[in-house]
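Here is a short briefing for a first look at this structure.

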Amino acid sequence: MSHIGSLPVKYSSDVQIKHINEPYSTTDSRFFDKTTLEITGPLGTRKMAIEPFVKLDINQVGEESTVVVNVADSQVKRQRQMWGTTRALINNCVIGVTEGFNATLRFVGVGYRAALEDGKLALRLGYSHPINMDIPEGLKVSVPVPTRVLISGLDLQQVKQFAAKVREWKKPEPYNQKGIFINDETIRKKDGKKK
């Protein structure tokens, strides 16, 4: 029995969930046998692949509607693994189309700053040249102050992935506490060598 998988996903009346019995992708062979779950909310629409052995019980009744996730055979390891994972992904989609996801990047260091130029994120991180990053489709990026970047979108993975790609350019280092920090990330300070 999966503790996470057996919890129902609750959603409000402004969210519509449809389980479509057609392949998630017609071009990628990994998704030929998987069906499509479409979740529509005030902020947009998300689609996700559902494994053939996962059973969804969608109850749309008034304000508090629920989705209950089950598997065909809980003795099979692969099915147990995907039980809780599928429930968590559905929950993330519901939160994404109702509230959305955010990530805040803090630039700590002399001269470290960011700006939006021609639809690209321009970073100045002490290199001899500025770094221009394309903003992925589906994400909104804003720079309220030069040392803060706000990333928002419907897809949690896409938001965190882009934040991690920006952070790769200047990871926080423990001696001077400089770098790009995501959300409330902290790093323990180390002392330099003492003679």
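Helices (H or I, at least four residues) and strands (E, at least two) are DSSP runs, numbered from the N terminus. By that count, the chain has two helices and 13 strands. This is a predicted model, in which local features need pLDDT of at least 70, side-chain atom pairs count only at pLDDT 80 or more, and totals for chains, interfaces and linings use all residues. Residues are numbered from 1 along each chain as its sequence is written, and side-chain values use heavy atoms, with hydrogens and water left out.

**Overall build**

- The radius of gyration of the chain is 21 Å, well over the 16 Å that the globule rule gives for 195 residues, so the chain is more spread out than a compact globule. The radius is taken over C-alpha atoms, and the rule is 2.2 Å times the number of residues to the power 0.38.
- Along its principal axes, the C-alpha trace spans about 65 × 45 × 35 Å.
- Of the 195 residues, 34% count as buried. Buried means under 20% relative accessible area, exposed over 50%, and partly exposed in between (1.4 Å probe, protein chains only).
- Take the contacts (heavy atoms within 4.5 Å) between residues at least 6 apart in sequence: 49% of them join residues at least 24 apart.

**Largest pocket**

- A pocket is an open set of points on a 1 Å grid over the protein atoms alone, where a 1.4 Å probe fits, with protein on both sides within 12 Å along at least five of seven lines; lining residues have an atom within 4 Å of a point.
- The largest pocket holds about 370 Å³ of space. Its volume is the space filled by probe spheres set on the points, and grid points are joined across faces, edges and corners.
- The lining has 19 residues, and R46, M48, L89, C93 and Q157 are the closest to the pocket centre.
- β4 (44-50), α1 (77-98) and α2 (156-168) are the elements that each give two or more residues to this lining.

**Residue A103**

- A103 sits in strand β7 (residues 101-108).
- A103 is buried, at a relative accessible area of 1%.
- Beyond its neighbours within four places in sequence, A103 contacts V149, L150, I151, V159, A163 and N183.
- The C-alpha atoms of A103 and K160 are separated by 6.9 Å, though these residues are 57 apart along the chain.

**Residue T86**

- T86 belongs to helix α1.
- T86 counts as buried, with 3% relative accessibility.
- Not counting residues up to four places away in sequence, T86 touches M48, I50, V54 and V69.
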